[in-house]
Amino acid sequence: MTHRAELAAALVLVALLLAALVVGPGDVSLSTALEIVVRRLGGGAPDPTALTLDALVWDLRVPRALCAAVVGAALGIAGAVTQGLLRNPLAEPGVLGISAGAATFAVFGFALGLDAMGLWVTPGLAAIGAAVSLALLLWICADASRVATVLLTGIALASVAGAITTLMLALSSERWDLGLKIVRWLMGSFEGRSWAHLGAALVPTLVGLVAALWLRVDLDALSLGHDTAHSLGVQLPRLRRVALGTIALLVGTATALCGVIGFVGLVVPHIVRLAAGPGHGRLLPLSALAGAAGLLAVDVLTRAVTSVVIPPGVVTALVGGPVLVWLLRRHGEGAT
Amino acid sequence: MTLATHGAGVRIPDGPWLVADLDLQAKPGRVTVVVGPNGSGKTTLLRGLVGARPLDAGTVTIDGHAMARMPPRERARRLAYLPQSTPLVHDLDVRELVSLGRAPYLSRIAGPRDADRAAVDHALAAVGARDLADRRVATLSGGERQRVMIARMLATGATTLVMDEPTAALDIAHVLSLLALLRRLADQGHAVLAALHDLDLARRHGDDALCLLADGKGGHRFGGATEVLRPDELADVFGVDVTLDGDALRFALRPTDP
């Protein structure tokens with residue numbers, strides 16, 4: 001088996017990481033930026049004659065780029081697992097309201113001031129919210145084989161979660177600082193994401209990737225239907241539990257770090273399948289790579305085009321929405 | 001390996017029994033057919049036999065081992081199941097599809113081994129589908145597709161094969177060639193248990209037969225195919241006139257009373 005797709009995705013990701021070092025306000029050449037990165041990676045102290053430049057590259061751009069990549073990877077894996085679990089190529093945490101559930105719980109934490117307790121609180125709450133949404137979806141759609149039923153149920157869940165979030169926002173309108181914080185967070189951004197944020201996102205994303213890979217044989221078998229998967233030795237209740245926990249962990253991590261970002265988990269696995277086929281052994285790591293490259297590309301391109309801060313979720317939705325419609329026309333009718 | 005049920009029963013939830021007190025044996029070397037009117041519970045029973053739904057009464061054993069207590073992967077290596085339809089989510093090629101039959105052997109860490117690839121080749125050869133290996137499943141004819149689905153069952157190494165209407169939606173040439181394949185598999189030592197809707201073909205190609213009576217009490221008959229699928233019995237169960245013409249069953253609507 002050749003690994004051309006893996007190699008290509010990795011190269012694109014590296015190229016984007018390099019681009020992320022030089023794109024943005026402040027004139028930094030690639031060689032200067034690389035010099036700083038190499039020095040700091042080697043444990044060296046910042047150059048005392050260029051402290052601002054050092055801080056710009058090492059404390060702002062590098063963690064920001066890596067955060068975007070990790071969030072993209074988490075969303076790519078979460079999308080692939082969601083599609084496999086629901087046997088539905090149009091399923092995605094954003095479309096199905098799983099991310100919305102994560103956001104609702106995170107905002108709840110803000111409203112109660114829980115997030116001051118530590119960096120892990122918001123991701124934790126977001127993961128619980130994602131788990132609750134997905135558990136509700138699985139429960140409601142237990143016997144639904146129709147693609148459209150699952151999507152419509154997800155839309156209903158997303159509406160309810162969105163309404164609760166808006167309600168909390170309305171109730172906090174007396175407190176401007178809180179309201180502003182919630183709105184900023186909901187819009188999502190990679191602005192000011194630090195090494196601490198990166199650490200908090202990287203570990204759960206790696207755990208999610210390992211858990212997803214552990215499920216790969218089960219997810220492959222499930223593509224033949226529940227009864228056939230069962231006859232092939234797949235323990236469906238356990239598969240559902242582990243997949244639910246994995247998706248919740250990944251979506252919670254991504255949402256907590258930069259708000260609701262939709263459609264990455266929808267588009268990325270589709271592109272990967274075209275290149276590498278539907279087997280989850282390759283689909284999952286490739287979706288992580290391609291998701292990382294995709295979301296980093298969104299961040300680099302928007303920063304290259306404008307100095308206005310544009311939430312990444314806006315860009316992914318502007319691209320992903322039409323793609324969903326196109327996929328729906330291609331799959332939706334035949335797959336019901 | 002012999003698949004046996006002991007007092008097995010399935011029912012509509014809070015409703016009538018579809019099958020009750022069933023003692024059936026599907027033995028190696030024999031083709032066992034399951035027939036019954038629409039809605040008599042063939043699919044429900046088969047799903048119960050393979051554990052895809054719980055039985056409402058009784059137990060299933062494979063060579064004397066209680067299936068419910070068997071580790072799922074071990075069960076999957078002994079008992080394979082083909083549902084009436086297999087809607088594919090993705091566009092697989094034939095080899096990828098048949099390889100999914102190796103799921104009960106695959107490690108969670110390592111990839112497929114040589115033994116897995118050999119089993120897939122062997123399964124494809126056993127159903128005469130070697131030349132289809134690189135085709136997309138979506139491009140196969142109905143007959144080719146069913147052969148490949150059976151290869152997927154064989155790739156598990158299971159010797160007990162349970163199939164729900166494997167001949168449905170096939171034209172007569174493919175029906176006959178599929179039944180010939182089932183006979184060949186039985187001759188190689190497999191226990192074949194298949195629901196069939198064509199009573200005449202079931203009678204000619206089955207060694208043993210289970211006929212569900214659809215009487216609301218779970219009534220059924222099990223035994224040798226020619227004994228169970230007698231014209232007079234079938235006439236009662238299916239509500240048509242049945243006669244035996246040489247070796248062939250003939251069916252006619254009953255004249256309605258004016």
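## A nonpolar surface patch

A patch is made of residues with over 30% relative accessible area and no salt bridge, and nonpolar side chains are joined into one within 5 Å. In this predicted model, such a nonpolar surface patch is formed by Ile128(A), Val132(A), Leu136(A), Trp139(A) and Ile140(A). The area of the patch is about 500 Å².

Ile140(A), one of these residues, is part of helix 5 of chain A, which covers residues 121-140. With a relative accessible area of 46%, Ile140(A) is partly exposed.

## Aromatic pairs

A pair of aromatic rings is described by two values, the distance of the centres and the angle of the planes. How many aromatic pairs are found over all chains? The search of the whole structure gives two. One of them joins Trp58(A) and Trp195(A), whose ring centres are 4.8 Å apart and whose planes make an angle of 35 degrees; this pair is tilted. Trp58(A) belongs to helix 3 (residues 51-86) of chain A and Trp195(A) to helix 8 (residues 195-214) of chain A, so the pair ties together parts that are 137 residues apart in sequence. Trp58(A) is buried, at a relative accessible area of 11%, whereas Trp195(A) is partly exposed, at 31%.

Phe110(A) and Trp185(A) also form an aromatic pair, with 5.4 Å from centre to centre and 75 degrees between the planes. This arrangement is edge-to-face. Because Phe110(A) lies in helix 4 (residues 98-111) of chain A and Trp185(A) in helix 7 (residues 176-187) of chain A, the pair ties together parts 75 residues apart in sequence. Both Phe110(A) and Trp185(A) are buried.

## Charges over rings

Two arginines of chain B lie over aromatic rings. The charged end of Arg102(B) is placed over the ring of Tyr105(B), 3.9 Å from the ring centre. Arg108(B) lies over the face of Trp214(A), a residue of chain A, with a distance of 3.9 Å to the ring centre.

## Cysteines

A disulfide is a covalent bond between the sulfur atoms of two cysteines. Over all chains, the structure holds zero disulfides. For Cys258(A), the nearest cysteine sulfur is that of Cys67(A), 8.0 Å away. The cut-off for a disulfide is 2.5 Å, and Cys258(A) is in no disulfide.

Is Cys258(A) buried or exposed? Cys258(A) has a relative accessible area of 0% and is buried. Cys211(B) also counts as buried, at 0% relative accessibility.

## Loops of chain B

Most residues other than glycine have a negative phi. Which phi does Asp63(B) have? Asp63(B) is not a glycine, yet its phi is positive, at about 50 degrees. Asp63(B) sits in the loop between strand 5 (57-62) and strand 6 (65-66) of chain B, and counts as partly exposed at 45% relative accessibility. Ala169(B), which is not a glycine either, has a positive phi of about 70 degrees. The loop that holds Ala169(B) runs between strand 8 (160-164) and helix 6 (172-187) of chain B. At 81% relative accessibility, Ala169(B) counts as exposed.

Gly111(B) is located in the loop between helix 3 (94-99) and helix 4 (114-126) of chain B. The relative accessible area of Gly111(B) is 39%, so this glycine is partly exposed. Between Gly111(B) and Asp164(B) the separation is 53 residues in sequence and 31 Å in space, taken from C-alpha to C-alpha.

Methods:
Residues are numbered from 1 along each chain as its sequence is written. Chains are lettered from A and ligands numbered from 1 in the order in which they are written. This is a predicted model: local features need pLDDT of at least 70, side-chain atom pairs count only at pLDDT 80 or more; totals for chains, interfaces and linings use all residues. Side-chain values use heavy atoms; hydrogens and water are left out. Rings of Phe, Tyr and Trp (its six-membered ring) pair if their centres lie within 6.5 Å; planes under 30 degrees apart count as stacked, over 60 as edge-to-face and the rest as tilted. Helices (H or I, at least four residues) and strands (E, at least two) are DSSP runs, numbered from the N terminus. Buried means under 20% relative accessible area, exposed over 50%, partly exposed in between (1.4 Å probe, protein chains only). A charge sits over a ring if NZ of Lys or CZ of Arg is within 6 Å of the ring centre and within 35 degrees of the ring normal. Patches are made of residues with over 30% relative accessible area and no salt bridge: like charges are joined within 9 Å, nonpolar side chains (Val, Leu, Ile, Met, Phe, Trp, Tyr) within 5 Å. Accessible areas come from the Shrake-Rupley method with a 1.4 Å probe; for residues, only the protein chains shown count as cover. A salt bridge is a side-chain nitrogen of Lys or Arg within 4 Å of a carboxyl oxygen of Asp or Glu.
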